[in-house]
Structure formats: C-alpha cells, structure tokens
Amino acid sequence: MSSTDAITYLGSNYFYGELGLTKDVPRAIELWTEAAESGSSVAHCRLGLVYYSGGGVEEDKPRGTHHWQQAAMKGDVLSRHNLGHAEYKNGNHQIAVQHWMISTKMGYEKSLHSIKNMFKLGHATKAQYAEALLGYQDAVEEMKSPQREEAKRLQR
C-alpha cells in the first residue's frame, strides 16, 4: 500500500468513524484532498461523491464533477459511471451514454444497465447497446484467469 493509498484509507475511516476514530468529515476531506493532490484517483472519487451529493459538506456539484473528471482521466471506473449519471441528470443523454460506454468497456456492470435503460427510453441506439454488451463481455473475459476460476469453483 502506498502512502497515498494509506492517506485515502485513513480519510475514509475518519469519514465513517471507523477503526476507533471519531467521525470527522473535515479531517476526512483534508486527507482525501492531500491524497488527490498526490494523484489518488480513489481520493478524487470520494471527494466527488461528497461534494456532488453534499454528504457532510455543502453541496457543490461542479466541484464534485471536477473531482470525478480527474479520477476518470486516471481510469477510475466509478467516477466515469458517476459522470454519466451527472450528465443524464443535466439532460445530456448522449454524453451520459459516452461515459457509460467507457465504464462498461472497463467491465462495470451498472453502466451496462444504464445504457440498457437509455436504449429502452430511446436515448441510446441499438448499435450503442450492442457495442456496450460486446465491450462488457470482452472486459469480463479479459479479467478471467485460471486462479479466479478456481476460486469461484471452491466457493460453491
């Protein structure tokens, strides 16, 4: 675990008041900000969630979106998915679909469901939905390994 990961983890424990720490949202945000400035996509994602939803701080959707954009550029799938939802809420359906296409091709199933719903509502084409399905299947297939298959078999 890198020091940036440790700072992000400590911030989460302050945010939720876990591991014997008193819940301290300002301290959590301070730690996540430090980690984000050091390049943590997870910290950017957490800051995006907090600011976008106003979870423990004053709601600031543009600031939340900015953090998600920073994390998404670093490959954070949840941030990419959340950007899709933000665009959808703003009525930017095609941009939402574009974000969800990227996260679907990264193997994020919730984004696939979002595209499916957009297709049902007429905001995504059949071709886009088909491309998303194929991209998702490719990502899932790519993540398979003999070790993972063995672990699944042992869990049954």
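This is a predicted model: local features need pLDDT of at least 70, side-chain atom pairs count only at pLDDT 80 or more; totals for chains, interfaces and linings use all residues.
Visitor: Welcome me in with the overall picture: what makes up the secondary structure of the chain?

Guide: Gladly! The chain has 9 helices and 0 strands, and its C-alpha trace spans about 50 × 45 × 25 Å along the principal axes. Of the 156 residues, 40% count as buried. The accessible surface comes to about 9,300 Å², and 52% of that belongs to carbon and sulfur atoms.

Visitor: Where do the domains of the chain lie?

Guide: Domain 1 covers 1-74 and domain 2 covers 93-155. Taken over C-alpha atoms, their centres are 26 Å apart.

Visitor: Why is M1 called exposed?

Guide: The label exposed requires over 50% relative accessible area. M1 has 77% relative accessibility, so M1 counts as exposed. M1 sits in the segment before α1 (3-16).

Visitor: And what makes L19 exposed?

Guide: The cut-off is again over 50%, and L19 has a relative accessible area of 64%, so L19 is exposed. L19 lies in the loop between α1 and α2 (25-37). A further detail for your backbone check: L19 has a positive phi of about 55 degrees although it is not a glycine.

Visitor: Which residues make the nonpolar surface patch?

Guide: M1, Y9 and L19 make that patch, with an area of about 420 Å².

Visitor: What makes the pair R27 and E30 a salt bridge?

Guide: A side-chain nitrogen of Lys or Arg must be within 4 Å of a carboxyl oxygen of Asp or Glu. For R27 and E30 the N to O distance is 2.4 Å, so the pair meets that cut-off. Both residues lie in helix α2, 3 residues apart, about one turn of the helix. An α-helix has 3.6 residues a turn, so residues three or four places apart point the same way.

Visitor: What do the side chains of E131 and K105 form?

Guide: They meet in a salt bridge, at 2.4 Å from N to O. E131 lies in helix α8 and K105 in the loop between α6 and α7, so this pair ties together parts that are 26 residues apart in sequence. E131 is partly exposed at 37% relative accessibility, as is K105 at 39%. The count for the structure comes to 3 salt bridges.

Visitor: How far does helix α6 reach from its first C-alpha to its last?

Guide: Helix α6 (residues 93-104) has 12 residues and reaches 16 Å, close to the 16 Å expected at 1.5 Å a residue.

Visitor: Which residues of α6 are buried, and what do they pack against?

Guide: Buried means under 20% relative accessible area, and A96, V97, H99, W100, M101, S103 and T104 carry that label. The buried residues of α6 pack against α5 (77-89), α7 (109-121) and α8 (126-142).

Conventions: Residues are numbered from 1 along each chain as its sequence is written. Side-chain values use heavy atoms; hydrogens and water are left out. Helices (H or I, at least four residues) and strands (E, at least two) are DSSP runs, numbered from the N terminus. The expected span of a helix is 1.5 Å times one less than its number of residues. Buried means under 20% relative accessible area, exposed over 50%, partly exposed in between (1.4 Å probe, protein chains only). Contact means heavy atoms within 4.5 Å. Patches are made of residues with over 30% relative accessible area and no salt bridge: like charges are joined within 9 Å, nonpolar side chains (Val, Leu, Ile, Met, Phe, Trp, Tyr) within 5 Å. Accessible areas come from the Shrake-Rupley method with a 1.4 Å probe; for residues, only the protein chains shown count as cover. Domain bounds come from an automatic or database domain assignment.
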